[in-house]
Amino acid sequence: MRRSGSADLPLHGGQVPYWLSERMAKLGGAIVESLVFHYGTSEVLKRLSDPFWFQAFGAVLGMDWHSSGITTSVMGALKKAVNPKSSELGIYICGGKGKHSRNTPAELLKISEKQGFNAEDLIRSSRLTAKIDNNAIQDGFQLYLHSFIVTKTGEWAVVQQGMNELNKMARRYHWHSSSIKSFEEEPHTSIFGKNQGMILNLTDKNAAPVRNSLLELTKEQPGIMMNEIKKLIMPLRHELNVTDVNLKRLGSVLALAHETEVRNFEELILLKDLGPRTIQSMTLVSEIIHGTPSRFKDPARFSFAHGGKDGHPFPVLTKIYDETIDTLKHAVEKARIGSNDKDQAIKKLSQLSSEIEKEFIPNDNFDKIIEDERNNAYKYGGMTVFGKSKKPEDKGSNQLSLF
């Protein structure tokens, strides 16, 4: 077991617009299918249990790169996309936000009947994870979302989130059954939220002397300061700053997509039908699927795939989004029947980007990159919660890059 870290998640209100939620489900589902095909169901749970990957995943899907809304929207999109294919994929998603979280036991019973699971064990795990995060860790955050993900082998993960109405912040908790040695002592893979000061954490290993049994956790009174190893602080501001991303990594993605001599790699021949802007998005999607954990330390960078619904760093490019969905779905479908050339070309994007990054020296024009994306958003069906992108006034601007 290891705790991954903590970060701020500003609470955002409002609904995800239909035009985005539908695309999130399609692309999210395609990414999960690709993960299962290449790495298996256990790897999907491992990724969902990583708070950095989860935040990057939400950013690739076009959600606000820093807000608490990523949790609810991503899990909602995955449940919509994955459950109709659960028998094929071997993954089931239960629970959700608010009243849907209370349906988790009934949903687990139905799944157990089909798969022969021990429903009582799964339901107990679901209830205990919620009880620990809501009561045993008294950090001021009350749970309002509980998603329980289980595979056909009985392995499970939990993604749940609580809110603190006083400071308008959220905290996300991650669990993975393969990482749990004991529900009583440090069971999380990660607690995702800003340190709020003194916290009562009855699952800390130092609290063992006061724990007689798990069911007595909430009755004990040990004052323990929760240990936090790493912090990913998600700011209140909506604007994306140069300090939020790794410029070498972002620049290598842009170079791979837009530099003619770089795009002439033999490995990319099968992707020649895609324009430079779609290659940029596909490279970041490839990284979400095939990247190693160290690649997700700057999750905000993945918002450069399709943009964000609030217009930061730029509007969601719906035409590019649709082409990304079609390309990935087609590649996975072909790979399933043995024709994996295009699937391997997509995988190669992540590898090539990493290779370019080794010798890459970015320029200091990050703000110009964002300005250029915004100016061109209307060409690619740019959309935000405020409406469609409009063509900017011609000021004789020239395109700039990080390379």
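Modeller: Buried means under 20% relative accessible area, exposed means over 50%, and partly exposed is what lies in between, with a 1.4 Å probe and protein chains only. Helices (H or I, at least four residues) and strands (E, at least two) are DSSP runs, numbered from the N terminus. This is a predicted model, in which local features need pLDDT of at least 70 and side-chain atom pairs count only at pLDDT 80 or more, while totals for chains, interfaces and linings use all residues. Residues are numbered from 1 along each chain as its sequence is written, and side-chain values use heavy atoms, with hydrogens and water left out.

Biologist: How many residues of helix 8 are buried?

Modeller: Helix 8 covers residues 247-258. Of the twelve residues in helix 8, the number buried is ten.

Biologist: What does helix 8 span from its first C-alpha to its last?

Modeller: The expected span is 1.5 Å times one less than the number of residues. For the twelve residues of helix 8 the expected value is 16 Å, and the model is close to that, at 16 Å.

Biologist: Which residue has a side-chain oxygen that reaches the backbone nitrogen of K248?

Modeller: A polar contact is a pair of N or O atoms within 3.5 Å; within protein, one must be able to donate a hydrogen and the other to accept it, and residues adjacent in sequence count only if both atoms are side-chain atoms. At the start of helix 8, the oxygen comes to within 3.0 Å of that nitrogen, and the residue is N246.

Biologist: Is D244 buried or exposed?

Modeller: D244 sits in the loop between strand 8 (200-201) and helix 8. A polar atom of the D244 side chain lies 2.7 Å from the backbone nitrogen of N241. The relative accessibility of D244 is 15%, so D244 counts as buried.

Biologist: How far apart in space are N363 and K248?

Modeller: N363 is in the loop between helix 12 (341-358) and helix 13 (366-376). Because its relative accessibility is 38%, N363 counts as partly exposed. N363 and K248 are 115 residues apart in sequence, but C-alpha to C-alpha the spacing is 9.4 Å.

Biologist: Why is strand 6 largely enclosed?

Modeller: On one side of strand 6, M169, R171, Y173 and W175 are buried, and on the other A170, R172, H174 and H176 are too. Strand 6 (residues 169-176) is largely enclosed by the rest of the structure because the count of buried residues is eight of eight.

Biologist: How many bridges join strand 5 to strand 6?

Modeller: Two strands pair if DSSP finds at least two bridges between them. Strand 5 (residues 156-164) runs antiparallel to strand 6, and V158 stands opposite W175. The two form a hairpin with four residues between them, where K168 in the turn has a positive phi of about 60 degrees. The number of bridges is eight.

Biologist: Which residue of strand 6 does L9 stand opposite?

Modeller: Strand 1 (residues 9-10) pairs with strand 6 in the antiparallel sense over two bridges. The residue opposite L9 is A170.

Biologist: Which residue in strand 11 stands opposite T384?

Modeller: Strands 9-10-11, in that order, form an open sheet with antiparallel pairing. Strand 9 (316-317) and strand 11 (387-388) are the edges, each pairing on one side only. Strand 10 (residues 382-384) and strand 11 share two bridges, and T384 stands opposite G387.
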